[in-house]
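Let's take a friendly walk through this model, starting with a few aromatic rings and ending at a pocket. Please have the viewer open as you read.

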Amino acid sequence: MAAKSQPDKRRNRKRILFSFNVDVDSPFGVVFQYLMRNPQLPSRMGKEKGVEAMAAFWRPFAYQKKGDVSEDELKAMARESLTALQRQMVLICETFDLEPPESEGLSPALEEALEKTMDKVLQKFVVSGVLARQPNRGELPTVGVTSTDPLLSAPGEEGVDFDAKELFGEVFSEDEFAR
């Protein structure tokens, strides 16, 4: 009975016919010729590779528009897309001996979140005594760390001072110590 249900499923499924015509010498034509006439790839596999590359970018957008996928599922799908795109970038960089493109740095929101996290971590270490260091006689601390979080401040203290340059060494530039 299972053998009969398989052909029924194939007959009743909905399909999309995707056809794309381009000039052979156009940029798309060169790519499709490579994918479909590459002696190392069967034509069907070449088509699949092309569609997979396209879907790696567009899949989360398509499912977002479709609207029947949860936010968590969309995020997981987006992460999978980023992983696939990252693999494609690595392959291109390795094949053509290129350095990966540099990111534009931290977004302001991420930078702020990292600063808050570092502040909390440092406060915990200082309050617990792990980073307890008193300035030498006559020496003023270079950075004052203050937290409004009552869980991170010792009773009666506004904040804890420490020498950031000594603690972090070359991790930050002089400009960042001045902030």
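Residues count as buried under 20% relative accessible area, as exposed over 50%, and as partly exposed in between. Keep in mind that the model is predicted. With a relative accessible area of 44%, Phe-20 falls between those limits and is therefore partly exposed. Phe-32 is partly exposed too, at 29% relative accessibility. Phe-28, in contrast, reaches 53% and so counts as exposed.

Now to how these rings meet. A pair of aromatic rings is described by the distance of the centres and the angle of the planes. The model has six aromatic pairs. In one of them, the ring centres of Phe-20 and Phe-32 are 5.6 Å apart and the planes stand at 70°, which is over 60 degrees, so the pair is edge-to-face. Phe-28 and Phe-32 make a stacked pair, with 6.5 Å from centre to centre and 25° between the planes. Both of these residues lie in helix α2, four residues apart, or about one turn of the helix. Through such ring pairs, Phe-20, Phe-28 and Phe-32 are joined into a cluster.

The largest pocket holds about 1600 Å³ of space. It is lined by 36 residues, and Leu-35, Lys-49, Gly-50, Val-51 and Ala-53 are the closest to its centre. Which helix gives the largest share of this lining? That is α3, with 12 residues. Helices α2 (27-37), α3 (43-66) and α4 (71-95) each contribute at least two lining residues. By class, the lining comprises 20 nonpolar, eight polar and eight charged residues.

Note on methods: Residues numbered from 1 in each chain as written. Predicted model: local features only at pLDDT ≥ 70, side-chain atom pairs only at ≥ 80, totals over all residues. Heavy atoms only, no water. 1 Å grid on protein atoms, 1.4 Å probe; cavity = no way out; pocket = protein on both sides within 12 Å on 5 of 7 lines; lining within 4 Å. Points joined across faces, edges and corners; volume = space filled by probe spheres on them. Nonpolar A, V, L, I, M, F, W, Y, C, P; charged D, E, K, R; others polar. Phe/Tyr/Trp six-rings, centres within 6.5 Å; stacked < 30°, edge-to-face > 60°. Buried < 20%, exposed > 50% of the residue type's maximum accessible area, 1.4 Å probe, protein only.
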